[in-house]
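I open this notebook to record what I looked up in the structure shown below. The entries follow the order of my reading.

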Amino acid sequence: MAQPKEETNEEEENVKVKQIKELLTKEFEPTHLEVINETHTCENMKIQVIIVSEKFKDVSTIDRHRNVQKALGDMMDKDIHAITIKAKTPQQWEKILAKKQAK
């Protein structure tokens, strides 16, 4: 009987990750978006967000992070225990990718 509960938790986790992606896509229209739930549970999620958007141009790092957290709204209080954010412009993201390819 534990198996169906596990599947339900996994499904709920996927629903919440999908919801996070939808909120961020609506707000930032990203060219690249990754949402990784590092705890693999739906309760007290510890997530990593990698988001690339033109909307981050001329915005400080701290304000980018604040904007991402604001876009997640109630999820920050109810579902997300910890969040790591990498918010980049497309130009910054291209430089990161180029460095990785050069190695």
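**Entry 1: Overview**

I looked up burial and found that 29% of the 103 residues in the protein are buried; buried means under 20% relative accessible area, exposed over 50%, and partly exposed in between, with a 1.4 Å probe and protein chains only. I note that this is a predicted model, in which local features need pLDDT of at least 70 and side-chain atom pairs count only at pLDDT 80 or more, while totals for chains, interfaces and linings use all residues. Residues are numbered from 1 along each chain as its sequence is written, and side-chain values use heavy atoms, with hydrogens and water left out.

I then listed the secondary structure: the protein has four helices and three strands. Their order from the N terminus is α-β-β-α-α-β-α. Helices (H or I, at least four residues) and strands (E, at least two) are DSSP runs, numbered from the N terminus.

**Entry 2: Positive phi**

Which residues other than glycine did I note with a positive phi? Glu29 has a phi near 45°, and Asp58 has one of about 65°. I located Glu29 in the loop between helix H1 (2-28) and strand S1 (32-37). Asp58 is in the loop between strand S2 (45-52) and helix H2 (61-72). Glu29 is exposed because its relative accessible area is 56%. Asp58 has 77% relative accessibility and therefore counts as exposed.

**Entry 3: Surface charge**

I found a patch of positive charge on the surface, where Lys86, Lys95, Lys99, Lys100 and Lys103 gather. Patches are made of residues with over 30% relative accessible area and no salt bridge, like charges being joined within 9 Å; a salt bridge is a side-chain nitrogen of Lys or Arg within 4 Å of a carboxyl oxygen of Asp or Glu. Helix H4 (residues 90-102) gives the largest share of the positive patch, three residues. Lys99 lies in helix H4, and it counts as exposed because its relative accessibility is 62%.

Technical notes:
Patch = residues over 30% accessible without salt bridge, like charges linked within 9 Å, V, L, I, M, F, W, Y side chains within 5 Å. Areas by Shrake-Rupley, 256 points an atom, 1.4 Å probe, with all protein chains shown as cover. Lys, Arg positive; Asp, Glu negative; His and termini not counted. Charge placed at Lys NZ, Arg CZ, Asp CG, Glu CD.
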